[in-house]
Amino acid sequence: MPDPIPSAPTQPVFVLVRPQMGENIGAAARAMLNFSLSKMRLVAPRDGWPNPKAEAMASGAADKVLNYAGVFDDVAGAVADCDFVFATTARGRELAKPIYTPEAAMLEARQRILAGQKVAILFGPERTGLENDDITRANAIITVPVNPEFFSLNLAQAVLLSAYEYSRHSLQATPRDPGLAAHIPATAQDVEKLGDHFETRLDETGFFTPPEKAPMMKRNLRNMWTRFAMTRSEVQMLHGALRQIFRARD
């Protein structure tokens, strides 16, 4: 069941993607509650949900974080209602996206939330981190400036660092107008549907050739859409333009 995100968000959503161990989920919940954050979502937890080991590790955080955590089958569903998504990863992995330090990212998140947007932060599974297909759903990347010879952070550490940086800015940030005051930002679901529309139409024209390059081409297109930070009216306009082009062609 999705977590109860209010219509006027006051904090980011922490999305744990395919977490492997219940103990790590519980530790992440404790880290969040240390800094008064409670909006957690889980994508396909390996050992199912609910998880007794997570509850035991979370201790007092279980009631306020784990019991209200939303559970989703995939990343697209977990961020569908979000306006801006960060992905935490050690490398850009050849996807062209803005890269933030945790401090800069959480200041950006705070400002967007004060402007009425919903912000999500993706954290990858313990062993492999986020995959490229996960990162394409994000608008920007968070990379921690750590020792390049030992850059791996465990899940709870990554969550703790982001939660701390967000909390640290809570009394410093002031609302700002992002320049789109009269426009509603496109949600992740809006952008996802636009990507589906383009893929379908381009498939019909035989654009994705040769076949072995098709997955990479589609991933690059998805990455492009999320990087644009479009408004809902812009997404609707692109849907309309695409329909008109194919209507004229037919």
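Mentor: Start with helix α1: what covers its buried residues?

Trainee: The cover includes β1 (13-17), β2 (40-43), α2 (52-58), α3 (61-64) and α7 (155-168). The buried residues in α1 are G22, I25, G26, A27, A28, A29, A31 and M32.

Mentor: Before going on, note that this is a predicted model, in which local features need pLDDT of at least 70 and side-chain atom pairs count only at pLDDT 80 or more, while totals for chains, interfaces and linings use all residues. Residues are numbered from 1 along each chain as its sequence is written, and side-chain values use heavy atoms, with hydrogens and water left out.

Trainee: What makes α1 a helix of expected span?

Mentor: Helices are DSSP runs of H or I with at least four residues, strands are E runs of at least two, and both are numbered from the N terminus. α1 covers residues 22-34, which is 13 residues. After α1 comes S36, with a positive phi near 65°.

Trainee: Why is K118 called buried?

Mentor: Buried means under 20% relative accessible area, exposed means over 50%, and partly exposed is in between (1.4 Å probe, protein chains only). K118 has 19% relative accessibility, so K118 counts as buried. D81 has 28%, and is therefore partly exposed.

Trainee: How do you know that K118 and D81 form a salt bridge?

Mentor: The term requires a side-chain nitrogen of Lys or Arg within 4 Å of a carboxyl oxygen of Asp or Glu. For K118 and D81 the N to O distance is 3.7 Å, so the pair qualifies. K118 sits in the loop between α5 (102-114) and β6, and D81 in the loop between α4 (75-78) and β4, so the bridge ties together parts 37 residues apart in sequence. The structure holds 15 salt bridges.

Trainee: Where do E108 and R112 lie?

Mentor: Both are in helix α5, four residues apart, about one turn of the helix. An α-helix has 3.6 residues a turn, so residues three or four places apart point the same way. The closest N and O atoms of E108 and R112 are 2.9 Å apart, and the two form a salt bridge. E108 is buried at 12%, and R112 is buried at 16%.

Trainee: What makes the D196 and R222 pair a link between helices?

Mentor: Their side chains meet in a salt bridge at 2.4 Å, N to O. D196 lies in helix α8 (residues 188-205) and R222 in helix α9 (residues 214-227), so the pair ties together parts 26 residues apart in sequence. D196 is partly exposed at 36%, whereas R222 is buried at 12%. Salt bridges with shared partners join R137, E192, D196, E199 and R222 into one network.

Trainee: Why is β4 called mostly covered?

Mentor: Five of the five residues of β4 (residues 84-88) are buried. F84, F86 and T88 point one way, V85 and A87 the other way.

Trainee: How do you know that β4 pairs with β6?

Mentor: Two strands pair if DSSP finds at least two bridges between them. β4 and β6 (residues 119-123) have four, in the parallel sense, and A87 stands opposite L122. β4 and β7 (residues 140-142) have three, also parallel, with A87 opposite I141.

Trainee: What makes F84 and F86 an edge-to-face pair?

Mentor: Phe, Tyr and Trp rings (for Trp, the six-membered ring) pair if their centres lie within 6.5 Å; planes under 30 degrees apart are stacked, over 60 edge-to-face and the rest tilted. The search finds seven aromatic pairs. In F84 and F86 the centres are 5.1 Å apart and the planes at 65°, so the pair is edge-to-face. Together with Y100 they form one aromatic cluster.

Trainee: Which residues have the most contacts inside the largest nonpolar core?

Mentor: They are F14, L16, M40, L66, F86, F123 and V159, in a core of 34 residues. A second, separate core has 19 residues, including V43, C82, V85 and I135. A nonpolar core is a set of buried Ala, Val, Leu, Ile, Met, Phe, Trp, Tyr and Cys residues joined through side-chain atoms within 4.5 Å. F86 is buried at 0%.

Notes. The expected span of a helix is 1.5 Å times one less than its number of residues. Contact means heavy atoms within 4.5 Å.
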